[in-house]
Amino acid sequence: MAVIGSSTAIKSIQKGTVTSAFNTETDVTISAVVIAKTTVNILNQPGSNCSAQGGSYYMIGICAGGYLSSTTNLKLKTNPNQGSNINSNSNVAHWEVIEYV
């Protein structure tokens, strides 16, 4: 809840971390927000990068994206390509949902 008399325009911040397999959609239940007043930030695992190497495109590290599919659900999608230099079968995405006043 916003504090009366404060200069902040942020009503709430929700954050978390999801570990999932590659090419996976994950639903995260959140507290209800007003979608029109909310932004979603998806933070990839530290050191991750998506780039073209040697003329052929593949993922290095992980790349994830997400959106609010409802007022109480954040849908995360991880990259479909594990890349030839990744030795893990899962990846980590950090997320935050910021609702403004």
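The following questions and answers concern a predicted model.

Q: Which residues of strand S2 form its covered face?
A: In a regular strand the side chains alternate between the two faces of the sheet. Strand S2 spans residues 25-29, and its uncovered face holds Glu25, Asp27 and Thr29. The covered face consists of Thr26 and Val28.

Q: Which residue of S7 is the bridge partner of Thr29?
A: S2 and S7 pair in the antiparallel sense, over five bridges. Within S7, the partner of Thr29 is Asn73.

Q: Is Thr38 buried or exposed?
A: Thr38 belongs to strand S3 (residues 38-44), and its contacts beyond four places in sequence are Val33, Leu68, Val97, Ile98 and Glu99, with Val33 counted as such. Its relative accessible area is 13%. Because buried means under 20%, Thr38 is buried.

Q: Which backbone oxygen does the side chain of Thr38 reach?
A: The residue lies in strand S3. At 2.6 Å, its side chain reaches the backbone oxygen of Val34.

Q: At what distance does the backbone nitrogen of Ser31 lie from a polar side-chain atom of Gln14?
A: Gln14, in strand S1 (residues 10-21), is buried. Ser31 is among its contacts, as are Ile30 and Trp95. The distance from that nitrogen to the Gln14 side-chain atom is 2.8 Å.

How values were computed
Residues numbered from 1 in each chain as written. Predicted model: local features only at pLDDT ≥ 70, side-chain atom pairs only at ≥ 80, totals over all residues. Heavy atoms only, no water. Helix = DSSP H or I, 4+ residues; strand = E, 2+ residues; numbered from the N terminus. Buried < 20%, exposed > 50% of the residue type's maximum accessible area, 1.4 Å probe, protein only. Polar contact = N/O pair within 3.5 Å; in protein donor to acceptor, adjacent residues only side chain to side chain. Contact = heavy atoms within 4.5 Å. Pairing = 2+ DSSP bridges.
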